[in-house]
Protein chains: 2
Amino acid sequence: MADVKRIQSDIDKFRHITEPCDAGITRIGFTETYRQGSDYFKDCMKKIGLTVREDKVGNVYGRLEGSEKNLPAIMSGSHLDTVRCAGAFDGIAGAVCALEVARMMKEKGVVLRHPFEVVGTMEEEGTRFGQVLLGSQFITGVFGGKELDSIKDPEGNTLREIRRSYLPRNVCPAYRKDDEILAFLELHDEQGPVLEDENIDIGIVEGIVGISWLTVTVNGFAGHAGTVPMPLRQDAATGACRLVNSIALHTSRCYADRATATVGKLELLPGSSNCIPSKCTFTVDIRSAQMSNIDELIEYIRKESREVEKECNVEINIYVNSRKEPIKLNRDIGNLIQKSCEKLGYSYRKMNSGAGHDAMVLSSRWPTAMIFIPCRKGITHNPEEYVSPGALEKGCETLYNTILALDHKN
Amino acid sequence: MADVKRIQSDIDKFRHITEPCDAGITRIGFTETYRQGSDYFKDCMKKIGLTVREDKVGNVYGRLEGSEKNLPAIMSGSHLDTVRCAGAFDGIAGAVCALEVARMMKEKGVVLRHPFEVVGTMEEEGTRFGQVLLGSQFITGVFGGKELDSIKDPEGNTLREIRRSYLPRNVCPAYRKDDEILAFLELHDEQGPVLEDENIDIGIVEGIVGISWLTVTVNGFAGHAGTVPMPLRQDAATGACRLVNSIALHTSRCYADRATATVGKLELLPGSSNCIPSKCTFTVDIRSAQMSNIDELIEYIRKESREVEKECNVEINIYVNSRKEPIKLNRDIGNLIQKSCEKLGYSYRKMNSGAGHDAMVLSSRWPTAMIFIPCRKGITHNPEEYVSPGALEKGCETLYNTILALDHKN
């Protein structure tokens with residue numbers, strides 16, 4: 001069995017490797033604090049007996065050789081960085097469970113046919129450079145020499161400059177060849193409330209949703225709150241709220257849990273309590289496992305905007321800032337996760353991830369799967385994020401059994 | 001006839017008495033710039049032959065004695081201060097039209113039975129201290145010695161300290177006795193679009209609306225935009241927009257031009273495009289000439305909030321920050337304005353003022369009336385504020401004729 005005390009002890013160690021912050025944990029890539037976290041992770045891997053290395057963008061690996069030569073590695077892990085004032089489980093749960101899997105193998109004397117690699121990735125959250133999924137994009141080769149110069153921190157320092165003072169000597173290339181890796185498995189807390197709500201142990205992630213980000217601008221006409229009668233107004237706030245309301249209602253009614261639409265940022269101008277707003281700008285974050293749902297929702301927003309323009313006498317502009325296709329994860333490994341759950345007597349459900357993960361990037365090169373475990377109320381990117389010991393144990397057991405099954409099958 | 005060239009020339013002089021600002025005019029009370037404006041106004045009054053004085057809070061007066069002794073004065077004017085980056089007509093139009101009325105009397109050799117006083121009031125906009133209608137509240141005695149110490153600028157300097165370096169020698173008391181004033185007439189641009197929209201020359205102001213200011217807080221539960229399915233959300237933005245939409249629709253449908261409800265300020269927390277908002281705070285500015293309409297609207301918002309709480313799974317708190325009763329202006333003087341319009345062949349309509357004015361304060365002590373003239377698109381508190389020469393001329397003629405009728409009648 002996975003030893004949940006060891007998993008928790010590792011999570012607690014990482015909890016204390018943080019920059020000073022009011023609450024929670026701040027461990028941003030390429031900082032002194034991140035170096036401490038990364039070195040602690042390397043020490044853990046060394047103690048287990050793994051061969052440790054670090055690559056040219058700070059991803060760290062621990063490798064356990066398999067019984068057969070020249071086979072590709074089964075890789076598992078997650079990111080070691082956090083957002084500012086983060087919880088203790090996002091990323092780290094998956095990294096330390098992969099570590100525990102290696103420990104279990106060593107303890108039980110289990111030797112896989114394939115090598116097993118534990119990985120701790122760099123800057124998945126993108127807090128340092130505003131570039132998410134950084135480490136994994138160098139592993140897959142989506143990023144390379146060009147990005148070392150083009151990716152800069154807010155002070156204008158390039159990644160190439162920054163890594164120079166950060167990295168130890170003797171680092172290996174970040175890019176991995178096709179035949180080096182058999183598969184990637186990432187355990188992560190769900191960061192949503194579904195598993196807890198349905199009282200389910202394990203989420204088998206079928207895919208990662210596609211995302212589109214819109215900026216909507218509603219232009220009205222400013223006026224004094226007391227002197228312009230309601231029928232003569234061109235109130236940007238009224239127009240915007242009418243549209244936001246329609247978007248939320250329509251998405252809930254017609255897509256239920258098949259798509260999300262979120263207005264997280266909204267600004268009124270001039271923003272005085274006694275002024276009719278002349279302008280309102282808001283964002284819409286639309287996600288779904290089917291791109292057609294996203295496109296339908298964008299189309300709905302465009303159509304509904306024409307209605308709101310007429311009703312509220314405003315002008316609405318919609319700008320699509322980005323549009324990312326959904327990703328399908330590997331179905332065969334998903335089936336192995338399912339079989340492991342059945343064998344272990346854990347409840348499970350298939351689901352999509354609404355958040356991006358390194359698995360999303362790595363799936364473009366290698367068969368990739370994700371195991372979700374429940375977190376309390378779905379709270380994440382927040383000091384209150386909490387994953388129970390039971391959930392960690394079941395997640396780790398599922399990961400261990402799936403890796404063994406995967407090794408056996410290939 | 002009123003000489004509109006002189007009126008425009010005075011307005012243009014004041015247009016250039018401004019602190020440096022990107023556009024428009026900034027002339028805030030008790031500043032060097034305000035002193036220039038106030039001195040220019042005093043010079044104009046002296047040139048006409050009025051007896052000029054300044055009171056202890058910087059209100060300035062020019063007095064033309066009447067033919068009979070011991071009669072109370074007919075007073076007319078408006079404020080000389082502006083908001084930041086203001087238009088050229090708000091306040092000044094009424095002050096310079098009163099000036100023109102005095103000029104017309106002198107030129108025509110018209111001597112009223114009553115004294116005629118032109119007044120330029122201080123800090124009506126409240127930009128310096130956050131205290132609107134300052135000068136007129138000292139004239140009526142609503143404010144006195146206590147307020148000289150309690151009213152402070154953002155740096156903590158009291159009005160008593162500030163006026164010391166601002167005022168000239170030989171100032172008179174601000175408080176006016178009951179029998180000193182017969183009536184107050186204020187000409188002002190409408191600051192709304194109604195007169196322009198209906199192509200009407202003169203607005204006869206029957207009253208000034210009552211106002212209530214609410215702060216509404218919608219509490220939801222934060223979450224990741226991608227991981228919380230729509231049906232499980234407690235989205236503060238959705239709840240707030242649903243409520244704002246209802247308020248605007250209900251007020252438009254049920255009150256048309258009898259009440260206004262304005263949401264001018266709205267803030268989302270945490271305010272990230274990929275976060276479900278946990279909290280939304282917005283203001284509601286409600287105005288009507290009938291307090292019962294305001295109370296009904298507050299009651300509607302409370303009731304509708306209970307519905308939104310259920311529908312959106314949020315908690316809504318409503319705080320009533322202020323509640324000011326509507327003011328009725330003097331009907332007899334209103335009738336004299338109407339007769340003047342009829343005599344002059346000007347179109348007119350009775351209306352309420354949605355904005356506060358010095359007339360509101362002075363009406364608590366003396367019979368008070370207001371004459372509105374159209375401004376382009378109702379734009380005010382904005383460099384684009386514009387009142388046509390024709391509107392100024394008709395307004396000034398109406399004011400002149402009404403003052404003569406009032407003098408004759410009393």
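Some housekeeping. This is a predicted model, in which local features need pLDDT of at least 70 and side-chain atom pairs count only at pLDDT 80 or more, while totals for chains, interfaces and linings use all residues. Residues are numbered from 1 along each chain as its sequence is written, and chains are lettered from A and ligands numbered from 1 in the order in which they are written.

Now the interface. How many residues of chain B are in contact with chain A? There are 55, and they touch 55 residues of chain A; contact means that the C-beta atoms of two residues, placed from the backbone, lie within 7 Å. The same surface serves both copies, as 100% of the contact residues of chain B recur in chain A.

Which element gives the largest share of chain B's side? That is α8(B), with 10 residues. Elements that give two or more residues there include α7 (194–198), α8 (236–255) and β12 (279–288) of chain B. Helices (H or I, at least four residues) and strands (E, at least two) are DSSP runs, numbered from the N terminus. By type, this side of chain B has 24 nonpolar, 23 polar and eight charged residues. Here Ala, Val, Leu, Ile, Met, Phe, Trp, Tyr, Cys and Pro count as nonpolar, Asp, Glu, Lys and Arg as charged, and the others, Gly among them, as polar.

On to the single chain. Chain A has 12 helices and 16 strands. Its radius of gyration is 24 Å, close to the 22 Å that the globule rule gives for 410 residues, so chain A is as compact as a globular protein of that length. That radius is taken over C-alpha atoms, and the rule is 2.2 Å times the number of residues to the power 0.38.

Next, helix packing in chain B. Helix α2 (residues 32–48) and α3(B) pack at about 10°, with their axes 10 Å apart. Axes are lines fitted to C-alpha atoms, for helices over the stretch in contact, and angles run from 0 to 180 degrees between N-to-C directions. The two helices α2(B) and α3(B) are therefore roughly parallel. Angles under 35 degrees count as roughly parallel, over 145 as roughly antiparallel, 65 to 115 as roughly perpendicular and the rest as oblique. In this contact, residues of α2(B) including B:Phe41 and B:Met45 meet residues of α3(B) including B:Leu99 and B:Ala102. The contact has seven nonpolar, no polar and two charged residues.

Helix α1 (residues 4–15) of chain B also packs on helix α3 (residues 92–108) of chain B: the axes come within 9 Å and cross at roughly 140°. That makes α1(B) oblique to α3(B). Among the residues that meet are B:Ile7 and B:Phe14 in α1(B) and B:Val96 in α3(B). This contact divides into eight nonpolar, no polar and four charged residues.

Last, α10(B) and α12(B) pack at about 125°, with their axes 9 Å apart, and are therefore oblique to each other. Their contact has seven nonpolar, four polar and three charged residues.
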